[in-house]
Each structure stands twice: as structure tokens, then as C-alpha cells.
Amino acid sequence: MLPEPGMGKARYPRRLRGRRSALCCPPIERNFVSVPEAKQGLDARGFEVALADGTAARLRPLQPDDKACLAWGMEQLSAESRYHRFFTSAPQLSQEQLRYLTEIDQRRHVAWLAVRPGTTDHTGMGVGRYVCLRNAPDIAEVALTVLDEHQGTGLGTWLLATLHVCALKSDVRVLRAMVLPENRRVIEWLMRLGAKSHYIDGMVEMDLDAMNWRASPGLREKVEYVMGKPMGD
């Protein structure tokens, strides 16, 4: 899933070498606090949303015991989806990567998981997360992963709206996505939501103003909905 040790022969594309994303290359030094402290103020139950295809999804904070869910989800993604999200088509996550993705503080590293309501197994639907930059903590790199069968249902926008609300409750002012130039679907989607873009190191850097969500019709209704839910302080 992520281009880190444990991914076999997976490598960054040539244009990505030398630029390591906070989302795609977990640093050796950890940036999370203890799990009990991290959970304070977060409602682990989350809330339900209705998707465009009529199905429901429950969005809740990602927890350390969601490792099996993320590992399962990685295996369900198509090779194209894995490459667009993680710059590799490798089908499995290492234990180090799973720890990095789940043992988080929900402050500098925020992640929400979408699951089928009422299920107790590991069948997740998607994940949205952001990681604050070390040298600019008011900027956070965003990553969205939606299983292929749920793409095009609006789930990605729901996850992004949730991240917007988390950003509004913190000091994050810019949500930044690094997108491969050939991923035109995501680039056009983010531009419709108001993102400003420019090329850097062979990637498309797309910035969303976390404070200006009202200007985007595609986000406004969903952000307002999420704001009324028990997310914690």
C-alpha cells in the first residue's frame, strides 16, 4: 500500500524519488501521543451518511485496532487505485505501515474510517486522513482512499467534509493533496471543490482553503451536516 520497507520490489516512480510525502512515507520518528490521550474528546461511534447509490456508511475515528480492516481494504483495491493513492501497486501493508496508519494522535495525524453500518467484521469502505507538515503545522497533507466498488457514490466527499470539520476545530488552514498528473478524475474533482493547483517535482499540488468551505457547493451541505454530529471537541 505505501512505498516503504516490506513492499517487496515496489519503488517510487522516478519523478517521486527525493520527495517523500508525509502520507506515503511514514517517518521513523513517531508523531503520536498515547492512545488514551488521543481518544479524549472523540466520539468513537461516529455518524451515518447516505451515499448517492442509496447505501449507508458510518464514519468514525480510525482506531489502533483497525489494522485488520486497513489490511483487508488494501487487498480489495485495484492495482490502479493503489498506484494512484500510494504510488505503488503492491497489495499488502507491512506491520510498520499499519502501525503508522492506525496508532495516531487524531490531532496532528487525523483519520476517519467509513464502514458498513451494523457490521462487526473488517469490511471497511474508505479512509480519509490528513497529516500536518512539520515545518508548517497549519498545512496538512490529505489522503483519501475509497474502495473501487464505492467510488462515485460521494463517499470521498463525505470523508473530505469530515476532514474539513476536523481542520476547523484545530489550527489547520490548508488541506493539501499531492496528485499524480495522470489522475485527471481526482484533479478535476478537487478543482470543482475550489482547490488551487500547481506543479511541483512532477506532481500536482492541490490546496483547499479549509476556512472557505462555504464557497464550494459540493462541500458546504456535507460540512454543515457533519458539524451537527458528535465528533468531540
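**Salt bridges in the predicted model**

Glu149 is exposed, at 55% relative accessibility, where exposed is over 50% relative accessible area, buried under 20% and partly exposed in between, with a 1.4 Å probe and protein chains only. Before going on, the conventions: this is a predicted model, in which local features need pLDDT of at least 70 and side-chain atom pairs count only at pLDDT 80 or more, while totals for chains, interfaces and linings use all residues. Residues are numbered from 1 along each chain as its sequence is written, and side-chain values use heavy atoms, leaving out hydrogens and water.

Back to Glu149. Its salt-bridge partner is Arg116, with 3.5 Å between the closest N and O atoms; the term means a side-chain nitrogen of Lys or Arg within 4 Å of a carboxyl oxygen of Asp or Glu. Glu149 sits in the loop between β5 (139-146) and α5 (155-168), and Arg116 in the loop between β3 (109-115) and β4 (124-132), 33 residues apart. Helices (H or I, at least four residues) and strands (E, at least two) are DSSP runs numbered from the N terminus. Arg116 is partly exposed, at 31%.

The structure has six salt bridges. Another one joins Arg58 and Glu48, at 3.3 Å from N to O. Here Arg58 belongs to strand β2 (residues 56-61) and Glu48 to strand β1 (residues 47-50), 10 residues apart. Arg58 is partly exposed at 25%, and Glu48 is partly exposed at 35%.

Next, Asp207 and Arg176 form a salt bridge with closest N and O atoms 2.7 Å apart. Asp207 lies in strand β8 (residues 203-209), Arg176 in strand β6 (residues 174-179), 31 residues apart. Through shared partners, salt bridges join Arg176, Glu205 and Asp207 into one network. Arg176 is buried, at 14%.
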